[in-house]
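Here is a short briefing to read alongside the model. Have the sequence at hand as you go through the points.

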Amino acid sequence: MPPQSPAIRSRTPAAEFRLGLLMVAGSALCWSFGGTIARYISEPDPWTIVFWRALFSSTFLLLFMLWRDGPKDTVRMFRSMGLPGIGVALCFGIASSCFIIALQFTTVANILLTQAAAPLFAALLAWMVFGERINLPTWIAIAAVIGGVGIMVSASFSGEVSPIGDGIALLLTILFSTAIVITRHHPDVRMMPAVCLGTGLASLAAFFLAGGLAVSADDFALLILFGAVNLGLGLALFVTGARLVPAALVALVSNVEPVLGPLWVWLFHGEVPALRTLIGGGIVFAALTLHILNDWRRQRERRSSTAA
């Protein structure tokens with residue numbers, strides 16, 4: 001971790017907590033506008049969108065790291081990622097591309113509410129692969145999330161949304177869950193260089209898959225906003241703020257994204273989610289929120305007993 005400046009070192013714990021909370025909330029707010037920005041882009045080729053968004057995102061993140069950490073530490077962070085960092089990079093690069101592809105087939109609400117289940121899918125994946133213990137409340141939350149996602153996906157069988165879109169949304173959720181499991185087992189993996197590498201690889205792949213890279217001036221401006229601000233700045237705020245706030249609270253505040261994302265698309269584009277999406281998404285959101293609150297309570301009880 002780079003040395004902190006005197007201004008940061010002089011902050012009180014309460015001030016750092018407030019700053020971290022604002023940054024995490026700001027990141028969720030940035031991310032929540034992704035679907036709305038995408039709906040304004042008129043470029044029909046999704047791989048062209050992936051190329052420019054990933055390019056602007058990776059460029060922003062690289063410049064941010066160079067400014068914050070300096071060239072030597074930035075190079076060191078990339079070199080120290082190892083295979084776990086490359087794994088996270090691949091998961092994020094493919095998942096961020098899947099987000100753009102899924103938008104061609106399904107609603108923003110379907111994608112974001114399915115994606116919100118990633119932390120609990122990660123717990124299930126860690127149990128299956130590493131045998132990590134899962135307590136009863138988490139099992140109940142996992143079952144509720146699977147049921148909620150099942151209700152959302154069932155809308156594709158009735159013709160309300162495309163099964164391709166829901167399938168891709170599930171794939172990107174599994175990829176995010178895999179990235180969560182990797183970072184839990186390798187806490188030394190730095191998220192920002194991993195995501196920078198992942199978006200760089202996504203841009204490189206899209207370069208060969210895109211039908212053409214030319215876009216209109218309006219789309220170009222939107223793609224800068226989509227890549228640098230929505231994805232890049234959102235991640236920079238999240239990674240910086242998450243270090244200052246308890247993990248359970250970070251997860252709780254991050255839930256703002258799947259709530260606001262469909263709301264913005266409804267307000268700006270009139271995109272109304274299917275009834276099954278609202279029902280299933282509500283189950284997913286409630287299960288995830290209750291799980292996070294229960295986890296936070298248990299962590300506080302453990303800290304209190306340790307202090308006593």
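From the N terminus on, the elements run α-α-α-α-α-α-α-α-α-α-α-α-α-α. That makes 14 helices and zero strands, with helices (H or I, at least four residues) and strands (E, at least two) taken as DSSP runs numbered from the N terminus. This is a predicted model, where local features need pLDDT of at least 70, side-chain atom pairs count only at pLDDT 80 or more, and totals for chains, interfaces and linings use all residues. Residues are numbered from 1 along each chain as its sequence is written, and side-chain values use heavy atoms, leaving out hydrogens and water.

**Overall build**

- The C-alpha trace spans about 60 × 45 × 35 Å along its principal axes.
- Of the 308 residues, 50% count as buried, meaning under 20% relative accessible area with a 1.4 Å probe, protein chains only.
- Among contacts (heavy atoms within 4.5 Å) between residues at least 6 apart in sequence, 88% join residues at least 24 apart.

**A look at helix H9**

- Helix H9 covers residues 163-185, and its 23 residues should span 33 Å at 1.5 Å a residue; the end C-alpha atoms are 33 Å apart, which agrees. The expected span is 1.5 Å times one less than the number of residues.
- Buried residues of H9 include Gly165, Asp166, Ile168, Ala169, Leu172 and Phe176.
- An α-helix has 3.6 residues a turn, so residues three or four places apart point the same way.
- The cover over the buried residues of H9 includes helix H5 (82-102), helix H6 (108-115), helix H7 (118-130) and helix H8 (136-154).
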